[in-house]
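Subject: Structure handover

Hello,

Here is the structure I said I would pass on. Please open it beside this email. My notes follow below.

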Amino acid sequence: MSSISSISSSTQEFESRSWLRQARYHLRRNPLVLLGLIIAIVWIVTAFIAPSVAPVEPLAQDLVNRLQVPGALFFMGSDELGRDIFSRVLWGSRITIPAGLAVIIIGSTLGVIIGAVAGYAGGLIDELLMRLTELFMAFPFIILAMAVTAALGPDIRNAVLALSAVWWPRYARILRGLVLEVKAQEYVEAAHSAGAGGFYVLFRTILPNCIAPAVILATLDIGTAIISFAALSFIGLGPEPSSPEWGRMVSIGIDFFDQWWMWLFPGLAIASLVMAFNFIGDGLRDILDPRLRGE
Amino acid sequence: MNFFQYFIRRALLVTPLLLGITVMAFLIANLIPADPTIANLPPNALNDEDTIAAFRKKWGLDKPLHEQYLTYLGNLLQGDLGTSIKTRKAVGEDISRRLPATIELATLGIIFGIALGVGLGLISAIWKDTWADYAARVIAFIGISFPVFLLALIFLTVFYAQLRIASGPGRLDIIMRPPPTVTGLFTVDALLAGDLKTFKNAFDHLVLPASTLALYISAIISRITRSSLLEVLNQDYMRTARAKGLRERYIIGFHGLRNSMIPVVTVIGLSYGNLLVGSILIESIFAYPGIGFYMFRASTSQDFPAIMGVSLLFAFIYVGVNFVVDILYFFLDPRIRVA
């Protein structure tokens with residue numbers, strides 16, 4: 001007994017070591033993934049420590065020093081109320097990163113469930129759910145999110161809810177196809193004949209076998225979610241104007257066009273974060289699913 | 001299948017979609033807000049019993065939901081999208097007055113965008129893994145990762161404020177007068193009036209916002225062109241074409257590009273959604289008086305009827321464009337004619 005367990009533990013060790021080696025190999029071949037990971041980690045750490053590292057409070061006004069050029073006093077300049085742009089950009093990560101991730105998590109979960117149920121149930125339920133999916137896909141999704149946020153009333157939570165509500169259709173579509181494929185496998189039939197209920201079979205037998213593509217899609221999507229959230233709050237359908245949210249800061253900055261630091265730094269914050277997640281997503285897709293590479 | 005059959009079949013698929021969109025818009029407008037009356041009327045009108053009663057009667061708000069929808073649909077068919085809270089005018093009227101400006105910008109944007117996207121994709125695929133490929137892909141990556149409003153602000157600063165080689169905000173210089181209205185497209189109207197000076201001025205004002213829009217939508221187009229063309233370049237018929245001794249330019253231009261266009265056309269249809277969203281963000285920065293700017297003003301001032309009107313219009317345009325794309329397949333892909 002002990003010899004068997006020691007063999008299995010050594011295989012495990014071997015597998016985990018080869019996994020590490022593979023990861024190193026891929027990172028060397030895709031240096032951009034590494035760059036993306038570094039930038040993303042820096043931002044996520046920033047989100048956690050912003051309150052203790054930001055020089056001043058994001059809402060602290062200093063009317064004597066309004067619209068200061070970036071320099072010794074204000075690293076990234078100050079805005080029309082003398083608020084420190086640098087502190088605000090740091091604090092902004094605490095809004096944008098959780099918002100983007102929440103959209104992806106809620107949206108993809110919703111899509112996975114809808115798609116899985118449609119594919120597994122088949123018949124009328126499938127037909128109804130898929131028509132609904134097509135309907136949602138017929139709207140340009142950000143426009144739909146704008147309408148929903150406007151109806152709910154603009155704030156951060158509603159913007160996230162609205163984006164999640166329009167985010168699921170692609171996941172539903174992909175999942176449905178995969179579930180249809182897996183449903184026909186013999187092990188599913190085996191599970192059924194062993195007396196497992198439909199719910200159990202769907203969530204314990206079928207879903208684990210088709211979740212990977214949804215995870216890849218979700219990773220690829222984080223950048224889009226962040227940029228969409230920023231777009232919503234840019235047009236005023238997000239946090240209130242004084243919020244240090246990046247998209248909102250850029251839209252306030254339009255009125256101060258010549259004070260370029262007011263819009264450039266929050267804008268670059270969005271761009272760097274989105275780029276980082278795009279690098280990671282692209283690399284992950286290349287590594288996990290070479291067929292999607294298109295070469 | 002002949003073209004007529006194909007067309008009818010596609011049209012039959014689109015109709016329920018359009019109806020479905022009106023149902024969705026109706027549900028969003030009537031079920032989500034706590035009280036549609038409050039959402040749709042200006043704050044000061046809420047003290048006025050008569051206005052509220054008139055509003056409720058017009059939209060059938062005292063009737064059951066399905067009758068409300070029919071009332072909504074009836075009003076919609078007459079072009080009635082409600083009254084804007086901010087401008088106090090009919091939303092339909094507001095939109096139709098601003099639509100030509102957006103059509104003008106979007107058309108130029110999509111032309112620039114396709115040219116840039118297909119061009120970059122072509123360069124990328126032909127000179128795969130060279131510096132030209134990397135440069136083209138970096139441009140695409142910027143187009144995807146930079147928020148379009150940031151690109152617009154950077155372009156405006158660099159090319160208008162600093163280098164002074166492009167015209168700035170608006171449709172015309174302030175001192176210019178708009179050409180006599182025929183189509184509402186300033187460039188076309190100016191040409192019709194034979195006024196080259198106005199044409200040049202209007203066109204100059206379009207270049208910068210249209211280029212921003214182009215960079216934004218070209219990112220996806222160039223990626224798809226690259227991968228699609230790379231796949232086609234490996235096909236047997238390409239080798240045959242080379243073996244026949246055809247010129248490389250002809251092989252890529254005729255055999256390669258044409259066969260790689262189907263996914264590209266699909267993506268152009270889909271990126272029309274980006275074009276519409278992009279027009280909101282870009283027009284708001286260039287103070288360009290089209291639908292996008294109207295939407296921006298409406299959302300910053302919570303002008304609910306206007307937001308719903310523009311959303312509905314954009315959804316219809318999006319479905320319309322993708323219908324046209326479906327029709328284009330018929331000409332691009334001979335296999336459909338056989339099926």
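A helix here is a DSSP run of H or I at least four residues long, numbered from the N terminus. Please note that this is a predicted model.

One residue in chain A first. A:Ile125 sits in helix α4 of chain A, which covers residues 123–138. Beyond its neighbours within four places in sequence, A:Ile125 contacts A:Val117 and A:Ala118. A:Val89 is 36 residues from A:Ile125 in sequence, and their C-alpha atoms are 47 Å apart.

Now chain B. Chain B has 15 helices and zero strands. Its C-alpha trace spans about 80 × 55 × 40 Å along the principal axes. Chain B has 339 residues, and 40% of them are buried. Take the contacts in chain B between residues at least 6 apart in sequence: 69% of these join residues at least 24 apart.

Last, where the chains meet. Chain B puts 39 residues into the contact, and chain A puts in 34 residues. Elements of chain B that give two or more residues to this side include α1 (3–31), α9 (196–233) and α12 (261–286). Which element gives the most? That is α14(B), with eight residues. By type, the chain B side holds 28 nonpolar residues, ten polar and one charged.

Best wishes

Terms used: Residues are numbered from 1 along each chain as its sequence is written. Chains are lettered from A and ligands numbered from 1 in the order in which they are written. This is a predicted model: local features need pLDDT of at least 70, side-chain atom pairs count only at pLDDT 80 or more; totals for chains, interfaces and linings use all residues. A residue is buried if 20 or more other C-beta atoms lie within 10 Å of its own, exposed if 12 or fewer, and partly exposed in between; C-beta atoms are placed from the backbone. Two residues are in contact if their C-beta atoms, placed from the backbone, lie within 7 Å. Ala, Val, Leu, Ile, Met, Phe, Trp, Tyr, Cys and Pro count as nonpolar, Asp, Glu, Lys and Arg as charged, and the others, Gly among them, as polar.
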